[in-house]
Amino acid sequence: MEFFDLMSISHRYMEILNPSTPEKIIKLGKILKLKKGNRVIDFGCGCAEPLTIWAEEFGITGIGIDISKDFCDRAKKKLGGRRLSDQIEIVCSPADDYVFEEGAFDAATCIGATFIWGGYKQTIQAMKRAIHQNGRLGIGETHWLSNQVNPEYAQKQTTTHTEPELTQITRDEGFELEYIIRASHNDWDRYISDGWYGLIRWLEENSTHPDYEQVFKHFRTDQDDYLKFQNQYMGWAMYCLAPMKSRPKGSQL
Ligand SMILES: C[S@@+](CC[C@H](N)C(=O)[O-])C[C@H]1O[C@@H](n2cnc3c(N)ncnc32)[C@H](O)[C@@H]1O
């Protein structure tokens with residue numbers, strides 16, 4: 001079984017595939033200044049729940065790109081059911097291969113998928129080409145909660161930074177960190193437990209499947225990682241980045 005099949009199983013009972021909530025996604029939309037007719041591009045859009053929420057709440061149009069055929073199919077089905085297929089296009093492709101119209105979007109987002117480009121910095125560098133000069137970026141990303149992370153766990157998560165490091169990268173790339181929408185402990189528990197729930201249901205339904213052992217091992221590893229390490233050392237938040245073109249003359253900041 002491939003990694004994306006395991007993702008489909010663990011995420012099958014979720015719509016937002018991250019430690020977040022519909023209210024927080026709406027809040028991000030407000031901070032991104034989304035309004036009717038705005039164009040949004042969402043990289044690693046999953047089942048397009050954020051785009052669906054923004055289309056219904058703010059009247060945006062947009063494009064969502066995701067590599068998983070299963071998630072793209074779920075997204076298209078949902079958008080059809082909500083009569084949003086004319087507003088939101090879903091492209092099933094690796095996001096870093098997708099050729100977008102540069103400078104054409106009011107906002108570019110990547111919520112929990114910065115691994116597409118290999119990290120937070122590379123994500124800003126790729127996405128800033130998509131927005132016009134007053135456009136904003138929304139990035140959902142993990143961070144270390146302290147500088148003292150268990151070394152065994154830190155080695156598995158080489159692209160995770162502390163928030164001061166994320167902020168410095170943001171500034172180096174020509175943006176200011178305008179807003180943090182932080183996942184609570186409950187958001188994490190909901191996201192991670194929804195994954196266990198999906199995996200256990202699959203195991204119950206597929207006890208003779210040739211990949212049973214692999215799925216079971218994935219479930220146990222995921223659970224142990226969360227309870228031993230992630231829970232303690234890792235946070236997650238959505239960051240809104242505002243473009244900062246120039247500072248007043250004489251500013252020493
Ligand atoms: C944690 S999920 C987040 C989904 C969505 N942003 C949300 O918040 O509901 C990460 C998503 O990235 C997608 N993904 C992983 N690698 C990708 C790639 N190279 N190109 C496009 N999408 C990718 C996965 O299929 C998955 O849907």
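This report describes the fold, the nonpolar cores and the ligand shell of a predicted model.

Residues are numbered from 1 along each chain as its sequence is written. Local features need pLDDT of at least 70 and side-chain atom pairs count only at pLDDT 80 or more, while totals for chains, interfaces and linings use all residues.

The protein has nine helices and seven strands (DSSP runs numbered from the N terminus: helices are H or I of at least four residues, strands E of at least two). Its radius of gyration, taken over C-alpha atoms, is 19 Å, close to the 18 Å from the globule rule for 253 residues, so the protein is as compact as a globular protein of that length. That rule is 2.2 Å times the number of residues to the power 0.38.

Buried residues, those with 20 or more other C-beta atoms within 10 Å of their own (C-beta atoms placed from the backbone), make up 36% of the 253 residues. A nonpolar core is a set of buried Ala, Val, Leu, Ile, Met, Phe, Trp, Tyr and Cys residues joined through C-beta atoms within 7 Å.

| Core | Residues in core | Members include |
|---|---|---|
| Largest | 47 residues | Val40, Phe43, Ala48, Ala75, Ala108, Leu137 |
| Second, separate | six residues | Leu6, Ile9, Leu199, Val215 |

The ligand has 19 residues around it, and Leu17, Gly44, Gly46, Ser68 and Ala95 come nearest (C-beta atom, placed from the backbone, within 6 Å of the molecule). Two or more residues of this shell come from each of α3 (49-58) and β2 (61-66).

Note on methods:
Buried ≥ 20, exposed ≤ 12 C-beta atoms within 10 Å, placed from the backbone.
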